[in-house]
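Please keep the viewer open as you read.

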Amino acid sequence: MDLTLDPAREAFRAEVREWLAANVPAEPLPSLDTPSGFAAHRDWERRLFEARLAVVTWPEQYGGRGADLLDWLVFEEEYWAAGAPVRVGQNGIFLLAPTMWEFATETQLDRFMLRMARADDIWAQGWSEPGAGSDLAALRSRADRDDERGGWRVNGQKTWSTRAAYADWMFGLFRTDPDSARHHGLTYLLLPLDAPGVTVRPIRQLDGEPGFAEVFFDDVFVPDDQVLGEVGQGWKVAMSTTTSERGLTLRPPGRFMASADRLVDLCRRTSSPAPALVDDVVDAWLDADAYRLYVQSTALEALEGKPIGAESSANKLFWSQLDVRIHETALRLLGYRATLTDDPDARWLDGYLFSLAGPIYAGTNEVQRNVVAERVLRLPRG
Amino acid sequence: MDLTLDPAREAFRAEVREWLAANVPAEPLPSLDTPSGFAAHRDWERRLFEARLAVVTWPEQYGGRGADLLDWLVFEEEYWAAGAPVRVGQNGIFLLAPTMWEFATETQLDRFMLRMARADDIWAQGWSEPGAGSDLAALRSRADRDDERGGWRVNGQKTWSTRAAYADWMFGLFRTDPDSARHHGLTYLLLPLDAPGVTVRPIRQLDGEPGFAEVFFDDVFVPDDQVLGEVGQGWKVAMSTTTSERGLTLRPPGRFMASADRLVDLCRRTSSPAPALVDDVVDAWLDADAYRLYVQSTALEALEGKPIGAESSANKLFWSQLDVRIHETALRLLGYRATLTDDPDARWLDGYLFSLAGPIYAGTNEVQRNVVAERVLRLPRG
Amino acid sequence: MRLRPEPDALEFAAAVRELLTDACDSDVLRAAWDSTETDPLRRGRVPGLWKRLADIGVPGLTVPEAYGGAGMDLTAAVPVYVEAGRAALPEPVVETLAGSALLAAAGGDVAAEWLPRIAAGDAVVAIGQGNPALIGAAQWADLLLIDTDDAIYAVERTAAAIHPEPSLDHGIGIGRVTWQAAGQSVLPPVNGWDAFDVACVAAAAELVGLAQAMLDMAVTYARQREQFGKPIGSFQAVKHQLADVYVANAFALPVVYRAAWSVAHHLPSAPRDASHAKLAAGQAAERAARTALQVHAGIGYTYEHDLHMWMKRTWTLAAAWGDATFHRDRVAAAVLTENPPPRVP
Amino acid sequence: MRLRPEPDALEFAAAVRELLTDACDSDVLRAAWDSTETDPLRRGRVPGLWKRLADIGVPGLTVPEAYGGAGMDLTAAVPVYVEAGRAALPEPVVETLAGSALLAAAGGDVAAEWLPRIAAGDAVVAIGQGNPALIGAAQWADLLLIDTDDAIYAVERTAAAIHPEPSLDHGIGIGRVTWQAAGQSVLPPVNGWDAFDVACVAAAAELVGLAQAMLDMAVTYARQREQFGKPIGSFQAVKHQLADVYVANAFALPVVYRAAWSVAHHLPSAPRDASHAKLAAGQAAERAARTALQVHAGIGYTYEHDLHMWMKRTWTLAAAWGDATFHRDRVAAAVLTENPPPRVP
């Protein structure tokens with residue numbers, strides 16, 4: 001066992017910390033879910049890109065530093081500790097990019113990756129449909145072959161597409177074999193949201209902001225060079241080993257460490273907090289710490305070549321419940337102030353509403369428990 | 001609304017309290033699960049019977065007072081508050097008797113009830129089998145027709161039969177139609193445990209005591225006059241409306257009120273108890289109080305003629321979880337002393353072990369949640 | 001002994017339910033939530049609804065007959081307030097019950113002047129503490145009853161500066177009230193905690209109704225929403241969560257009934273019982289909100305779906321009139337004391 | 001950076017597992033639990049097993065080479081102690097690790113005399129506080145290290161009165177020790193809390209192993225036991241409870257590893273990290289016990305089934321070496337302070 005961080009990583013941490021201290025906006029940027037806020041966050045992504053901090057794990061040619069997962073964890077810790085803006089590009093960078101490295105052609109990489117890193121293109125995901133939520137394999141949006149034009153005509157509807165209200169491109173799964181069922185006959189497509197036939201209808205979230213959208217497709221043409229991986233292999237492409245890495249990178253520990261530290265701070269500022277709440281604060285802090293260790297441990301094993309499997313489901317269960325608890329505890333510390341939206345600590349309320357989505361998106365926790373039970377514990381399918 | 005208790009009930013309470021104060025043994029009786037302890041508890045039942053307190057809700061001719069459910073609740077509150085002995089006759093009195101009132105012939109009542117009240121016969125239940133636990137309808141112990149002798153020949157095995165190690169009689173369900181499946185073709189039989197062909201093998205529980213037993217039947221003859229209700233209607237007999245009353249009377253609130261009061265007392269005696277534990281003590285006390293109100297409320301509705309339905313499942317979920325929490329909290333207050341079996345407060349450890357059976361017996365809590373979901377909330381079957 | 005309200009009270013509650021089903025359905029509620037009304041006196045409320053509720057006797061329910069009310073006791077209000085909760089009614093219901101109880105207990109000129117108007121739905125009363133005071137329904141109030149160290153003041157709207165305070169719950173009318181004691185009426189001496197206990201019971205009843213409504217929404221959705229080829233309500237993961245919600249709420253209701261009785265009869269256990277009710281109902285409703293959201297998943301997370309209004313009202317009401325921490329402490333004092341007040345009944 | 005023990009430590013743990021699978025299966029364990037042995041020195045233990053463990057190096061694992069041990073650091077002990085937990089091994093493992101750490105830190109004559117014998121499995125050490133002192137493994141101990149206000153005494157068995165204390169866990173060897181300070185050796189000054197932290201790490205590792213074993217039992221049973229025509233493990237109610245057990249335990253293990261590192265390297269965060277480990281592992285194991293019992297239902301509630309020995313050891317060990325309340329308080333002090341020790345790594 002060796003829990004010392006090598007000097008190169010410490011130096012990287014120092015560089016990130018210093019840059020963030022100098023560059024993180026003093027005032028929070030306006031909400032991501034407004035046109036001006038979206039633009040401001042896009043500008044922020046570009047500044048990160050210029051400092052080569054937007055995509056540290058990517059190859060240098062696409063704006064990265066070729067850093068490994070451990071460095072990425074260091075980066076995220078510093079990023080969240082600094083209170084830096086939400087990453088508007090995160091769907092592309094964390095969810096699409098790992099699949100691109102595995103399945104994209106050189107041409108596709110050249111076409112998309114630098115633009116993604118520079119936030120020229122902001123990506124939205126196209127997974128869920130009205131009839132396919134937890135049961136993703138039930139999806140029905142179809143892409144019919146158009147041999148004449150050399151591509152696919154897409155019809156149907158996606159929903160719960162985060163950031164789609166203002167995003168530029170979408171990645172997602174579509175049924176290219178009309179006779180197929182379930183996981184078969186699906187293809188992974190990339191398509192611009194300003195293509196003819198695309199209609200984006202923003203959906204307001206709990207907080208009233210259009211954080212996600214429905215996207216309707218009416219004979220939208222997608223050329224063959226926007227197919228990722230093989231036709232008909234979309235499920236495999238989407239669920240490939242990199243899925244697991246996404247499971248690991250979806251919610252970096254730095255995020256919860258920062259929340260837990262803020263919670264401790266709130267508790268210290270609260271006059272005579274109830275002892276039971278103090279216990280909850282302590283438990284939340286410890287669990288954020290435990291989450292960090294688990295992710296570090298999994299990342300280290302990944303670096304040694306061990307495939308990440310259902311750990312990502314355990315991971316998701318843990319962080320999503322932790323996030324709700326952190327915010328619930330904060331609201332209980334705030335007492336009657338908890339639901340006042342102009343309160344100086346109202347950020348906790350926003351955070352609470354956001355945390356409530358955690359057990360739902362990226363596979364509901366019910367689905368994740370099934371995964372752990374069936375794939376890790378090898379219990380029989382229901 | 002009227003939450004005053006009428007004077008007749010108050011007078012009854014006073015009588016019970018006074019009698020118990022004068023008669024409850026100063027020293028706890030030896031364990032029920034030893035021959036001498038069993039005998040001592042049987043003697044105690046007889047003293048209750050002599051004071052007409054063994055079966056207060058029964059008709060006078062069988063040793064009762066014709067009291068209603070509310071008086072019964074009063075009786076139980078006093079009984080538990082007085083720290084009186086465990087009722088060795090409870091399987092018969094609380095589980096079998098309600099079914100007897102509904103289905104037994106006069107002859108059967110005359111034959112069995114007074115003896116049950118006087119603890120001449122202690123009854124054990126014969127429900128579960130090795131292959132039929134949560135899934136009770138899967139039971140396979142069979143009773144084959146013996147026309148010659150006018151009765152049934154029983155073969156098979158029952159298990160988890162509480163008190164069967166020393167009991168005199170058993171009631172239970174047996175498959176009288178060999179071609180039947182599930183809930184059909186079952187018959188409710190009464191049989192003496194000293195009948196030829198019966199073998200009782202005590203099973204030691206968590207605490208090492210033989211609190212329950214396996215019972216094996218090898219061509220045990222049961223005459224027709226020991227069939228309760230109609231042949232082939234055993235499921236209906238066992239699950240009749242009185243089931244629900246049993247659901248209500250299985251665990252009277254007085255039991256948990258007494259435990260909660262003792263927990264408060266333990267907390268007061270504990271030097272600087274952790275505030276979080278004090279909160280748990282308070283919650284346990286309140287929940288015992290809430291349980292009492294719920295049962296009172298259901299009992300009052302039953303007196304008005306409203307059938308008790310799935311309330312008994314809600315009930316069972318609530319008390320079984322409450323009982324575990326009360327004892328867990330006590331053990332946490334005791335700290336390192338919790339698992340020392342000679343500790344002056346070791347009674348909490350015994351109680352904890354017993355409480356752990358609560359979510360299992362009388363229908364696991366998983367089954368009870370299904371019942372609430374399907375019968376109360378009308379959610380579709382799985 | 002009877003642990004439910006009398007039949008006439010239950011009938012009255014049924015009438016209120018009927019009225020609200022008609023006059024405060026979720027479209028009406030949504031319109032009130034999203035209204036661009038700028039007059040704080042109207043903002044967040046359903047136009048004309050309070051008067052209709054007054055016409056059938058809601059605000060006057062527990063006002064003594066001498067003051068023009070129906071003179072029912074607090075136990076009769078519980079089923080009515082459950083209905084208010086079920087509808088997520090954005091009106092000053094808790095404040096009316098507690099404020100009129102306070103006035104009736106105090107008596108005197110202020111009561112004589114205001115109670116008949118409150119009972120008739122012509123005036124709104126709100127209650128609070130301190131100066132400045134953060135007071136629910138203050139935006140809508142004509143009269144503010146404000147407890148201070150020395151007395152309870154009856155402050156007319158015109159004598160106070162009321163700043164609307166934005167809340168997650170658009171139907172709470174909360175405001176920050178600054179006022180001057182000089183020149184204001186003072187109520188005859190009365191214990192302000194009695195009115196607080198009434199408010200706890202009212203809020204607890206509302207929370208039970210909110211929980212029932214959210215459970216109903218979730219059950220309905222779980223029956224119709226299909227995934228993996230069957231209704232999601234057929235999966236144990238969904239079933240068992242909903243069963244737990246049912247149990248928690250079913251056990252909270254008798255606690256609320258009992259608290260109403262104890263408070264109405266000024267029993268020694270009234271503060272403990274009122275706090276128990278608020279605590280149990282608040283926890284049951286918070287559990288119902290979390291579970292309903294999880295069962296609805298994505299659709300429940302949208303502003304377009306009704307659920308969010310019920311959830312936000314639940315969170316707000318659970319934190320108002322003393323949060324769980326406050327009430328558990330209050331109960332602890334009553335339970336752990338040497339001679340706790342006897343259990344009721 | 002490496003957040004797991006070195007390969008040689010893992011190999012050693014595998015060897016220990018193999019030995020225990022053979023020499024301490026559940027029949028052997030049951031025999032030890034139910035033994036009618038009257039000599040407290042032997043009661044509850046597996047005859048000859050300690051010596052076999054010593055032969056492969058278990059008690060000497062972290063004893064410095066100068067004293068005849070293998071001189072490994074605490075991180076190497078974690079996987080070995082996980083195996084001890086998995087087997088519910090009824091031997092003085094925690095005491096040996098903590099006691100030898102204390103002796104090695106103190107040095108001096110007592111260490112020189114006893115450490116080689118402890119490493120060789122020829123002597124058993126136990127540690128505790130006060131007089132009389134309630135001490136785990138005291139029944140089996142040749143040497144008792146007892147912390148008092150003024151010093152840490154090395155009390156030989158012959159100089160103490162040891163009354164066996166009946167415990168739910170038959171394999172804990174706990175005793176009430178009365179002793180006289182006069183004439184006993186005193187250790188060179190050393191902080192007794194360091195050994196306590198070692199004990200926390202050892203107990204935490206054992207708890208992780210206990211939890212793994214109970215989870216394995218429950219999973220195996222859930223796969224084979226059929227009700228309603230299918231394995232009970234195919235029901236979500238069972239699946240999801242077991243998944244939660246897995247998650248809790250999977251997240252506890254790295255916390256235990258990290259604590260071993262912090263304690264081994266005397267980092268400022270060592271007390272916090274050790275308490276965190278004991279807390280997390282204790283809670284995970286208690287959850288595993290409750291769930292395993294619920295999944296096994298009736299059969300798990302019997303004395304005949306193996307599960308009870310694992311559960312009882314879990315409950316006892318979770319309450320020993322500081323219970324959850326103690327450790328949460330200890331952590332709270334470290335987390336809420338103005339300048340908390342930095343996170344490791």
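1. A term for the sheet comes first: two strands pair if DSSP finds at least two bridges between them. Strands (E, at least two residues) and helices (H or I, at least four residues) are DSSP runs, numbered from the N terminus. This is a predicted model, in which local features need pLDDT of at least 70 and side-chain atom pairs count only at pLDDT 80 or more, while totals for chains, interfaces and linings use all residues. Residues are numbered from 1 along each chain as its sequence is written, with chains lettered from A and ligands numbered from 1 in the order in which they are written.

2. In chain D, S5(D) and strand S6 (residues 175–179) run antiparallel and are joined by five bridges. One of the pairs is Ala160(D) with Trp179(D) in S6(D). The open sheet has three strands in the order S2-S6-S5 (chain D), with antiparallel pairing. Strands S2 (133–135) and S5 (160–164) of chain D each have a single partner strand, so one side of each lacks a neighbour in the sheet.

3. Next, look where chain D meets chain A: 37 residues of chain D are in contact with 34 residues of chain A (contact means C-beta atoms, placed from the backbone, within 7 Å). H8(D) gives the largest share of the chain D side, 14 residues.

Technical notes. Two residues are in contact if their C-beta atoms, placed from the backbone, lie within 7 Å.
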